[in-house]
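Please look over the sequence and the model before reading on.

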Amino acid sequence: MKKTLITLTAALTLSACSLFPDAYKTPVPQGNVLKAEDVTQLKIGMKEPEVIFLLGTPAINDSFTPNEWRYLYSSNYATEKTKKSEVNKLTLTFKQGILVNIDTQE
């Protein structure tokens, strides 16, 4: 009787763990949240300060290629309420402070 009661108690205790929902994970957004309408306002020939005014500072400004600015966005554990970026990857190329190439990637 005691063994049956202990076995039953152990089985119910262990199975109760699966009844709980998963632990809450905080969404972790990283990078620049860009709107598609802001990206469409970019024009070849714009100066660096104009681009910064429009989009903000880039997420990655590589010291080996300072003329390329990369705007990236990613989010871990995103939910429906997490703020999302309409453009996840954007690379801008400058030559002598003037925008010469716009590359959006999906």
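## Basis of the model

The model is predicted: local features need pLDDT of at least 70, side-chain atom pairs count only at pLDDT 80 or more, and totals for chains, interfaces and linings use all residues. Residues are numbered from 1 along each chain as its sequence is written, and side-chain values use heavy atoms, with hydrogens and water left out.

## The nonpolar core

A nonpolar core is a set of buried Ala, Val, Leu, Ile, Met, Phe, Trp, Tyr and Cys residues joined through side-chain atoms within 4.5 Å. Buried means under 20% relative accessible area, exposed over 50%, and partly exposed in between, with a 1.4 Å probe and protein chains only. The largest such core has 13 residues, of which L42, V51, L55, Y71, L90 and L92 touch the most other members. Two or more residues each come from helix 3 (48-55), strand 3 (68-76) and strand 4 (89-95); strand 4 gives the largest share, 3 residues. Helices (H or I, at least four residues) and strands (E, at least two) are DSSP runs, numbered from the N terminus.

Beyond its neighbours within four places in sequence, V51 has contacts (heavy atoms within 4.5 Å) with L42, M46, G56, W69, Y71, L92, F94 and L99.

## The aromatic pair

Rings of Phe, Tyr and Trp (its six-membered ring) pair if their centres lie within 6.5 Å; planes under 30 degrees apart count as stacked, over 60 as edge-to-face and the rest as tilted. The count by this rule is 1 aromatic pair. The ring centres of W69 and F94 are 4.5 Å apart and their planes stand at 50°, so this pair is tilted. W69 in strand 3 and F94 in strand 4 are 25 residues apart, and the pair thus links distant parts of the chain. W69 is buried at 5% relative accessible area, and F94 is buried at 2%.

## Charged residues

A salt bridge is a side-chain nitrogen of Lys or Arg within 4 Å of a carboxyl oxygen of Asp or Glu. The whole structure holds 1 salt bridge. R70 forms a salt bridge with E68, with the closest N and O atoms 2.6 Å apart. R70 is partly exposed at 31%, as is E68 at 23%.

D38, in helix 2 (residues 36-40), is buried yet has no salt bridge.

Key. Lys and Arg count as positive and Asp and Glu as negative; His and the chain ends are not counted.
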